[in-house]
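Here's a quick tour of a few spots worth a look in this model.

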Amino acid sequence: MVTVPRLVIAAPASGSGKTTVATGLMAAFAARGLAVSPHKVGPDYIDPGYHSLATGRPGRNLDAYMCGTDLIAPLFAHGSAGCDLAVVEGVMGLYDGASGQGELASTAQVAKLLKAPVVLVVDASSQSRSVAALVHGFASWDPEVRIGGVILNKVASDRHEALLRDALDESGLPVLGVLRRAPQVATPSRHLGLVPVAERQGDAVDAVRAMGERVRAGCDLDALTALARTAPALPDAAWEPAYTVVERPRPVVAVAGGAAFTFAYAEHAELLTAAGAEVVVFDPLRDEKLPAGTAGLVIGGGFPEVYAPELSANEPLRRAVTELASSGAPVAAECAGLLYLARELDGRPMCGVLDAEARMSERLTLGYRQAVAVSDSALAVAGTRMRGHEFHRTVLEPGAGPAPAWGMHQPERRVEGYVQRGVHASYLHTHWAASPEVAHRFVEHCRVR
């Protein structure tokens, strides 16, 4: 039974201020001494880093496409266990989901699955009375989505605020906050979105603190707390990563971290640990050796293109990764990890595990994917079906090896990635909570070496 009070922070469209408001609310509630559980709808890796900074807890994703609708409430229950309040940041516009799939993976769908009230963040910078029509449309579009109030963002003046409030009085929805334009709390962006927390450190701390202060000054936290408490109990049991593991040696699984490799779902490390591994995080920008006793290696997503000179300059670690892969040890690489294993990235030497070259591109590759494993690997047997997500501005040539990792079925049919010896390398990001056997298989391959 899930009884944690909860709010979903949504907006009519991207760019309305969801991240600022959601992160600010998390920081403001945490400053009141509450244990706040942070969540993000969709496959985003960057916003959860700011959420974690605001709350001191792992930011967790709720992705109905990759994990399936049946896992949303259990994953939420797992992440929010023992918390006083949960804040869920939405994705894109409230009703936007997977392309061509109706409401699937939308903020609205997740709100319904969690039976959570929605707070609509509206960019009011270019409107006055029209805000009431906008809010009415969103509130009435799906009667199963309960919009409990509005936070007005980018309000220009007291007069502008009065006009907006007068208009919304007729909508029946309360104004739970008003935020003035404040560029000083903006967070820098680049080719894949916000700059991750791990790359900003002190600046990110300051930005989150400013978001919290801004929200605390402009929002009715008591009313928002009361709204969160109207969420009914959910009957779902919490998701658990545990496998029944007999007492055996725990193989060391090294997981790449640091500023260059920030894309990771918290559940992956939990699943590896539950499957019997000792998970040790290392930083390819600084560490010249893999963790002692490394039996398997996981290299997730991130921004290796930004740190290509530093990654290339760390020759001792590159050699260690190459030697490990050459020995047949299990290596799971996603997106940034794929580039790191290539021969070159933008002309700079990488690990050379894969006979391929990577470079930056003007074209953004973005979207959900349906995939089937083409080759047996340390992650999956051929024929295993999984859902994933691609998000990159790089190109790898060739894009697939003699034994590809995945066959894609959406949006076009193609093969992609590399399986060679123990290596499974691909652009595809996957969420192992949907297929926990992936982590178990990986650890078993580490154990039998």
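## Aromatic pairs

Keep in mind that this is a predicted model. Searching the whole structure turns up seven aromatic pairs. One of them is Tyr45 with Phe263, a stacked pair with 4.8 Å centre to centre and 5 degrees between the planes. Tyr45 sits in the loop between strand 2 (36-41) and helix 2 (47-55), while Phe263 comes from the loop between strand 10 (252-256) and helix 11 (266-274).

Next up is Tyr65 with Tyr368. Their ring centres are 4.3 Å apart and their planes are at 20 degrees, so this pair counts as stacked.

## What surrounds the rings

Arg387 lies over the face of the Tyr65 ring, at 4.3 Å from the ring centre.

## Helix 1 against helix 10

How do helix 1 and helix 10 cross? The axes of helix 1 (residues 18-31) and helix 10 (residues 221-228) come within 12 Å, and the crossing angle is roughly 95 degrees. The two helices are therefore roughly perpendicular to each other.

At the meeting point, helix 1 brings Leu25, Ala28 and Phe29. Helix 10 answers with Leu221, Leu224 and Thr225. Sorted by class, this contact has five nonpolar residues, one polar residue and no charged ones.

## Helix 4, tucked inside

Is helix 4 (residues 72-80) largely enclosed or left open? Nine of its nine residues are buried, so helix 4 is largely enclosed by the rest of the structure. The buried residues include Ile72, Pro74, Leu75 and Phe76, and His78, Gly79 and Ser80 are buried as well.

Just past the end of helix 4, have a look at the backbone of Gly82, which takes a positive phi of about 80 degrees.

Note on methods:
Residues numbered from 1 in each chain as written. Predicted model: local features only at pLDDT ≥ 70, side-chain atom pairs only at ≥ 80, totals over all residues. Heavy atoms only, no water. Axes fitted to C-alpha atoms, helices over the stretch in contact; angles between N-to-C directions. Helix = DSSP H or I, 4+ residues; strand = E, 2+ residues; numbered from the N terminus. Parallel < 35°, antiparallel > 145°, perpendicular 65-115°, else oblique. Contact = heavy atoms within 4.5 Å. Nonpolar A, V, L, I, M, F, W, Y, C, P; charged D, E, K, R; others polar. Phe/Tyr/Trp six-rings, centres within 6.5 Å; stacked < 30°, edge-to-face > 60°. Lys NZ or Arg CZ within 6 Å of the ring centre and 35° of its normal. Buried < 20%, exposed > 50% of the residue type's maximum accessible area, 1.4 Å probe, protein only.
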